[in-house]
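Hi,

Have a look when you get a minute.

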Amino acid sequence: MPTERTLVIVDAANVVGSVPDGWWRDRRGAAERLRDSLVPFAAAGLPGCPGPAELVLVVEGAARGIGSVPGVRVESASGSGDDLIVELTGAPGERACVVVTADRELRQRVAAYGARCVGPRTVRPLPPSRTP
């Protein structure tokens with residue numbers, strides 16, 4: 001009997017905002033780039049969470065309406081992205097859930113449902129340092 005895949009929910013706004021790479025000039029494009037960079041994690045999983053995983057990218061604001069791609073389902077929040085993440089985390093079911101965010105309040109909210117939280121660097125390493 002196959003085991004159920006871990007649900008990995010990514011807080012797009014928080015992860016995109018974790019690296020000052022000019023994302024604010026094109027929020028939609030930044031969310032699409034993040035979505036595309038997540039595809040390998042669907043098969044490989046995350047550190048401490050072997051794959052395959054069900055990846056869900058939660059977007060809000062200007063990033064709403066971007067499409068899903070194979071391996072990454074995109075959910076557009078009609079209001080608060082955090083509220084949608086909590087809703088998805090608390091959905092009925094007995095499977096492991098990991099939320100990717102650095103938002104302290106959101107971490108507390110999803111922990112109440114038994115979700116494990118990891119930081120943005122888990123899926124988006126910092127860019128290499130520039131040396132003069």
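This is a predicted model: local features need pLDDT of at least 70, side-chain atom pairs count only at pLDDT 80 or more; totals for chains, interfaces and linings use all residues.

Residues are numbered from 1 along each chain as its sequence is written, and side-chain values use heavy atoms, with hydrogens and water left out.

Now the salt bridges. Searching the whole structure turns up 6 of them, counting a side-chain nitrogen of Lys or Arg within 4 Å of a carboxyl oxygen of Asp or Glu. As background, side chains of opposite charge can pair when their charged atoms come close.

R73 forms a salt bridge with E54, at 2.6 Å from N to O. This pair links distant parts of the chain, with R73 in strand β5 (residues 72-76) and E54 in strand β4 (residues 53-59), 19 residues apart. Helices (H or I, at least four residues) and strands (E, at least two) are DSSP runs, numbered from the N terminus.

R73 also meets E75 in a salt bridge, here at 2.9 Å from N to O. Together, E54, R73 and E75 are linked in a network of salt bridges. E75 is partly exposed, at 24% relative accessible area, whereas E54 counts as buried because its relative accessibility is 15%.

What else does E54 touch? Leaving aside neighbours within four places in sequence, E54 is in contact (heavy atoms within 4.5 Å) with R5, T6, L7, V8, R73 and R95.

Then there is a pair within a helix. E32 and R28 form a salt bridge, with their closest N and O atoms 3.9 Å apart. Both residues lie in helix α2 (residues 27-44), and they are 4 residues apart, about one turn of the helix. E32 is partly exposed at 28% relative accessibility, and R28 is partly exposed too, with a relative accessible area of 34%.

Cheers

How values were computed
Buried means under 20% relative accessible area, exposed over 50%, partly exposed in between (1.4 Å probe, protein chains only).
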